[in-house]
Amino acid sequence: MDEREVWVPHPEHGYIQGKVVDVGSHTLTVEPNDGSKAISASYDRIFPCEDDISKDYDDNCALMYLNEGNLLNNLKVRFAKDVFYTYVANILIAINPCKSVPHVYNNDVMKSYRGKSLGVMPPHVFALADKTYRDMRTQNQSQSIIVSGESGAGKTETTKYIIRYLTALSGSSAGASEIETRLVESNPFLESFGNAKTTRNNNSSRFGKFMEIHFCKKGGVSGGFVSHYLLEKSRIVSQSGEERNYHAFYRLTRAPESWRKKFDLQGPENYRYLKGSSLDDTLKDAEEFQHLLNSMDRVGLSDQAKDDVFRVVAGVLHLGNICFDPKEGTRGGSLVTEETMHELNIAAKLFHLEPDALIEAMTTRVMMTKGGGVKGTVIGVPLKPEQAGNGRDALAKAIYSNLFDHIVRLVNECFPFTESSNYIGVLDIAGFEYFKHNSFEQFCINYCNEKLQQFFNDRIIKQEQALYEAEGLGVKFVEYVDNQDCIDLVEANKTGILALLDEECRLPSANVEHFTNAVHTTHKDHFRLSSPRRSKLAFYKGMRDTEGFVVRHYAGAVCYETGHFLEKNNNTLHDNLEMLMQQSEDEFVMKLFPMKKLASETKKGGKKLIFDSLGAKFKTQLSSLLVKLGETGASFIRCLKTNFKIEPGVFNGGQVLSQLQCAGMVTVLGMMQGGFPSRTGFQALYDMYKDFLPSKLASLDPRIFCQALFQALGLDVNDFKFGMTKVFFRPGKFAEFDQIIKSDPDNLKVLVSRVSGWLNGKRWRKAQWGVLSCIKLSRKIQYRLEKHIILQSVARGFITRRRNLPRVKGFSKFQLLQQQLGKIKDLLDKLDKYRKDQEGKFLDLQGRIDGMISKMRAQPVTQKEIDAQYHDLSSAVDNVANELMTLIQKEAEEAERERLQKIQEELERERKRKEEEERKRRQEEEERKERERMLREMEERRKREEEEARQREEAERKRQKEEEERNRAEAARRAAEEAKRLAAEEQERRDRELAERLAQDSAKPQDVLVKDSEPAQEVSRIARTTLPSASEAPAQADKKLPDLSKWKYEKLKEVISSGSADVELLAACRDEFHRRLKVYHAWKVKNKKKGANVDNKPDAISAPKGFSSSKPQTMPAEQRPQRFFRVPFIRPEDRKTSPCQKGWWFAHFDGSWVARQMELHPERPPVLYIAGKHDLKMCELSLEETGLARKKGAEILCDHFDELWKKHNGPQYATT
């Protein structure tokens, strides 16, 4: 078999190395190098390895084989060397080291990246930040950096380093230095109140933020602004056992005694909102509290502002300790327990509320009846203890959420700005999340990531390919999965999940089961939605359809439990609780609850209640964010974590590969294989380097300047391409170009001399070509002048007559109309009372007739247009004449009416005469056309007789062409069906991988995963779209043959080599054997090296598009024809170095398939192949498909072939 090393999928390591040991119908069997069990996988999932897998690359686009196996291995090798940043073109992949690496981010490292083009220095977050800053300055356009990744991948830390670098890069004045300090310190301030420990991250952001750093025209920092999205409010009142509440609660309860005494606080174990969470002493909350105070000081908060913030945080903790008991009596209700009255008094004190008012608001609900006055009667409804507890939690969530909004406002007020030329925005938002229990927060977060993934596809893939097409680069398009259907499933009007959720929340008796049923009913046939019982994980099998649903996201399927969807989506606080907080005696608390329209108030003229939906609010915020991102230049950082437990030095290839696939890196790598990620306009490149060159070169046209520069530098033409308006570079080549330009002055002198020589040579060649072109053109003009004078004369006469004949006839007609106008003028002169009214009509009619005559004199007019205008004007003349006569009849006496009657009769006779003339003219025209038709028919009949023989020859060719068209249409239909099926299989594979990753958190992953009863076999895209399957082979009429698609490759070779007595079986084996060779060679072509052909095959025998399998040979060996061929060709590696050194390719076909193959090259040893031993290296096409039998002079005698074969010591061949 082929000795090439390949990557084969592995559930734990992602990919492992091995060698191909068997070629199947739709799969390859690979034996891993570690000696483990052989693995079978489809052709699409097996990729060739690099020649040296221990070598690493800064940019993955520099790999010889651009595939996800080598991408994963490159990251693994670099991770082992403590190198955590890698490029995929201009996209930065950042791996979380899971440990402190201060030497990677110190000030010396920051300085080394300033002003350097991307690719000059090793990959780093500072390099991308510097590029973004320079793009903002040079392009005068705001920029955005989108930091994405799963929880624990290091997004928050990456964002900190970006902000730190940008603020240090601008080199602001002393006045702006304070703003830069506040920008940097605002991050730990916000993290204390918006971050928390989760099962996968000790400092997970539970909100999204978009931080804008604004710059003045000189490039200095002028201010900033923070926008935040979707704070996880449910975490305030409840957390799982392994997670914690927000950091601020623990840091305040671990604060020095003076702070705790001020707010009557004790340790975190004494508060219900903190009891159920993990009290992790390794987080050092006491030390972090002091850091928080320092951050608040540097941001610019006063002591009173800090007291206000911590007082509200403490109030939330005390509020959570309040408990309720049922009230005795028939009315029901609840009351605060004696044990927690002390907590209630403290909470009331901190919020500056009356304790009785707080008790009343939490134990009763204010409602308004429909009758009893203009607005109804306000009544208080007692609440049960459970309802009172829910109200308490809702109040706590509202207080903390409003406090967080206020903190963001405080941060924005701390760095105001009056001037902003442009800004750089850094987006840090929660990555794709999937846990064992997923609720509304995970649903919103994953919806956000769906939108961001679509933006990534649009910006990186769609727009990139559109630019290539517009610039005419001819780059091959890359297919990718579009997730628009998943986004529509969530956000579509009326039918989307968010719309159905809002509709359910508005109902008087909202019910979770009713909402979940509505989702399943509305989208019962949607590909992206399914029931929990269809999940790949066993612990979802017991869920009912009314308890949740599964959404197939771009990253994989996630099961959402809808039990708390309604309450979490309801962003409205009860009226009495909100009014209570608005009546606080503390101004700070009142600011947290500004006056607004209450939920119980109705709209004017309607009864529909106002409903504040968290999902609708987040959807609006997300739309606004994407609009803002779309208006800026975007850069992307994909953060990865190497293992779930965030342990340093552990690289789990399967988990990393899944993150790469979800982030779209594999698709981008495929596009960059033939793409040009770096580009710049001709004028921009000219402006960038003209100062480095002498005046005689800097004065050139920008496009000529670029061409001269590239020729002088000797750049490889494959490393760049000229578009219509820009020059495009391969990955990393722009940095090399930039480094050459800015090299030492001596090198610049050599460069100038090369440019001058290239320009002189180009101008001389241009002058030579111009002189030759002029001579050739002069002779051509003289020749045509002499030969075409007669033709021109005849043509002019014919054209003149044809053009002017309609006008001559038209003049006659319109002269008659002018004569009629003279008569109408006479009638007009007889009018007295209505004269002025009718003069305008007359003048308009006269102007139209004169205008038409002038138009016919000035330019050619068609007969159709003349007839139409004449008909319209003739009708108008008749109408005016009739109207004048009618008016004259009113003024004149009976005598005048008789005279007008005579005039009308005369006009009528004239019209009839004209109609008679027109009828005669039409009759003559019809007779003329009939004569011409007969002449044409005679001429056509003559031509048909002359071409009858040629048409008979073409009939067969047309029939074959129609057959090919039908075959192509059928192939296109099958390809479309196959693409749809492959998309479903790809989504199924991602769902399975995501389930496997989630199952690894369990003690027994094998028990958690559901085993598929009938696993769907992955089918190679190559085999299904370009090659016929074994089932499509012609059916055998005599007997049923075994299913050869399940046979091993070696077994097929054995049957063919042994020469079975069963002729039909032998023929079928040969056909299946060569079909597999085609599949294998097509796979090799797809996974070839950059810029290299596969196996050095001559172009004459490469597989044609859309070929079909030849019919199996059923004749025995002694009856099969033995044919021999020879064609010249040049080896691909010799085409550049020695294009004149041609070699010879020989082939011996035993029937339809090649049996022996020989390649003879000048100054090289001969290459001999024989069937049964070198099948994978030989031509895989049948004789008919190669076209050799139809190639003139290609077939040679058997003696000639055998003589050369024996001369070069070829082994003996025996037919089977």
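How many residues apart are Glu-157 and Lys-160 in helix α4 (residues 155-169)?

## Salt bridges within helices

Glu-157 and Lys-160 are 3 residues apart in helix α4, and therefore about one helical turn separates them. In this predicted model, the two residues form a salt bridge whose closest N and O atoms are 3.2 Å apart. Glu-157 is partly exposed, with a relative accessible area of 35%, and Lys-160 also counts as partly exposed, at 25% relative accessibility.

The closest N and O atoms of Lys-131 and Asp-135 are 2.8 Å apart, and both residues are buried.

## A salt bridge between loops

Across the whole structure, a search finds 63 salt bridges, and one of them joins the side chains of Arg-206 and Glu-433 at 2.9 Å, N to O. Because Arg-206 lies in the loop between β10 (204-205) and β11 (208-215), while Glu-433 lies in the loop between β17 (422-428) and α14 (440-471), the pair ties together parts that are 227 residues apart in sequence.

Both Arg-206 and Glu-433 are buried, and they belong to a network of salt bridges that also links Glu-232, Arg-235 and Glu-243.

Strand β7 (residues 91-95) is largely enclosed by the rest of the structure, because 5 of its 5 residues are buried. Ile-91, Ile-93 and Ile-95 point one way from the strand, whereas Leu-92 and Ala-94 point the other way, and the residues on both sides are buried.

Strand β6 (residues 85-88) pairs with β7 in the antiparallel sense over 4 bridges, and strand β21 (residues 633-640) runs parallel to β7, to which it is joined by 4 bridges. Leu-92 takes part in both pairings, standing opposite Tyr-87 on the β6 side and opposite Ile-637 in β21. The hairpin of β6 and β7 has 2 residues between the strands, and Ala-89 in this hairpin takes a positive phi near 60 degrees.

## A negative patch on the surface

On the surface, Glu-354, Asp-356, Glu-360 and Glu-585 gather in a patch of negative charge. Glu-585, one of these residues, is found in the loop between α19 (575-582) and α20 (587-592). With a relative accessible area of 65%, Glu-585 is exposed, whereas Arg-206 and Glu-433, described above, are both buried.

Technical notes:
Residues are numbered from 1 along each chain as its sequence is written. This is a predicted model: local features need pLDDT of at least 70, side-chain atom pairs count only at pLDDT 80 or more; totals for chains, interfaces and linings use all residues. Side-chain values use heavy atoms; hydrogens and water are left out. Patches are made of residues with over 30% relative accessible area and no salt bridge: like charges are joined within 9 Å, nonpolar side chains (Val, Leu, Ile, Met, Phe, Trp, Tyr) within 5 Å. Accessible areas come from the Shrake-Rupley method with a 1.4 Å probe; for residues, only the protein chains shown count as cover. A salt bridge is a side-chain nitrogen of Lys or Arg within 4 Å of a carboxyl oxygen of Asp or Glu. Lys and Arg count as positive and Asp and Glu as negative; His and the chain ends are not counted. The place of a charge is taken as NZ of Lys, CZ of Arg, CG of Asp or CD of Glu. Buried means under 20% relative accessible area, exposed over 50%, partly exposed in between (1.4 Å probe, protein chains only). Two strands pair if DSSP finds at least two bridges between them.
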